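Me: I'd like to learn how to read a model like this one, feature by feature. Can you walk me through it?

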Amino acid sequence: MPQDDFQSPKALGRFILREALFGSLATEGAGGYPFVSLVGVAAMSNGAPVMLLSDLARHTQNIRKDPRVSLLLAEKPGAPDPLVAARLTVTGKVAPVEKSEVRARYLARHPEAAKYVDFADFGFWGMAIERGHLVAAFGKISDLLPEELLGNGGVSWPKG
């Protein structure tokens, strides 16, 4: 989506939160080192990310020890170079979310997850965003607060 179509960094950050299907999840791993993995994401109605994670995965084991995470989401690139796409890093804490609250919403974004969503070791984790960092383009960088990223705030999204 061309960045000229957005009214503000806040609007672009909100758009990325709602558009992204996958993100890079960073947790604290062994010895305090960052551990990063690729996860599927969907946005709750207010834009907060929710992830379907397996208890067997290393990132879930890390989260159970320390719920502080960082999640990198990127706009779909319109060019061969992914670094020209806008990207948003959100940091905060994750906690389990009741499956009945998010199952249908997640499956609407990730229909392939229907194969394993009800396995006993899978559960939904929601993120409480504490801050955001948007890189929209070279020199267009903004730090964003949770209230600037969450909720609809009367933003009109571009058609397309």
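**Contacts and overall fold**

Reply: Let's start with contacts, meaning heavy atoms within 4.5 Å. Among contacts in the chain with a separation of 6 or more, 67% come from residues 24 or more positions apart. Keep in mind that this is a predicted model, where local features need pLDDT of at least 70, side-chain atom pairs count only at pLDDT 80 or more, and totals for chains, interfaces and linings use all residues. Residues are numbered from 1 along each chain as its sequence is written, and side-chain values use heavy atoms, with hydrogens and water left out.

Me: How many helices and strands does the chain have?

Reply: Helices (H or I, at least four residues) and strands (E, at least two) are DSSP runs, numbered from the N terminus. Here there are four helices and seven strands, and reading along the sequence gives α-β-β-β-α-β-β-α-β-β-α.

Me: And how compact is the chain?

Reply: You take the radius of gyration over C-alpha atoms and hold it against the globule rule, 2.2 Å times the number of residues to the power 0.38. For this chain the radius of gyration is 16 Å, close to the 15 Å that the rule gives for 160 residues, so the chain is as compact as a globular protein of that length. The C-alpha trace spans about 45 × 35 × 30 Å along its principal axes.

Me: What about surface and burial: what share of the residues counts as buried?

Reply: Buried means under 20% relative accessible area, exposed over 50%, and partly exposed in between (1.4 Å probe, protein chains only). In this chain, 42% of the 160 residues count as buried. Helix 1 (residues 9–19) is mostly covered, with nine of its eleven residues buried; among them are Leu-12, Phe-15, Ile-16 and Leu-17. As for area, the Shrake-Rupley method with a 1.4 Å probe is used, and for residues only the protein chains shown count as cover. The accessible surface of the chain comes to about 8,800 Å², and carbon and sulfur atoms own 57% of that.

Me: How many positive and negative side chains are there, and how far apart are the centres of the two sets?

Reply: Lys and Arg count as positive and Asp and Glu as negative, leaving out His and the chain ends. Each charge is placed at NZ of Lys, CZ of Arg, CG of Asp or CD of Glu. The chain has 18 positive and 17 negative side chains, with the two centres 1 Å apart.

**Aromatic pairs**

Me: How many aromatic pairs does a search of the whole structure find?

Reply: Rings of Phe, Tyr and Trp (its six-membered ring) pair if their centres lie within 6.5 Å; planes under 30 degrees apart are stacked, over 60 edge-to-face, and the rest tilted. The search finds three such pairs. In one of them, Tyr-106 and Phe-124 have ring centres 5.4 Å apart and planes at 65°, so the pair is edge-to-face. Tyr-106 sits in helix 3 (residues 99–109) and Phe-124 in strand 6 (residues 122–137), so the pair ties together parts 18 residues apart in sequence. Both of these residues are buried. Phe-119 and Phe-122 also pair edge-to-face, at 6.4 Å centre to centre and 65° between the planes.

Me: Are Phe-119 and Phe-122 buried or partly exposed?

Reply: Phe-119 counts as partly exposed at 45% relative accessibility, while Phe-122 counts as buried at 19%. Together with Tyr-116, Phe-119 and Phe-122 form one aromatic cluster.

**Single residues**

Me: Which residues is Ala-42 in contact with?

Reply: For a single residue, look at its element, its cover and its partners. Ala-42 is found in strand 2 and counts as buried at 2% relative accessibility. Setting aside neighbours within four places in sequence, Ala-42 touches Ala-48, Pro-49, Val-50, Tyr-106 and Arg-109.

Me: Where is Arg-109?

Reply: Arg-109 is in helix 3 and is partly exposed, at 30% relative accessibility. With neighbours within four places again left out, Arg-109 contacts Arg-18, Glu-19, Ala-20, Leu-21 and Ala-42. Its C-alpha lies 8.3 Å from that of Val-41, although Arg-109 and Val-41 are 68 residues apart in sequence.

Me: Where is Pro-96, and is Pro-96 buried or exposed?

Reply: Pro-96 has its place in strand 5 (residues 87–97) and is exposed, with a relative accessible area of 58%. Beyond its neighbours within four places in sequence, Pro-96 is in contact with Phe-124 and Trp-125.
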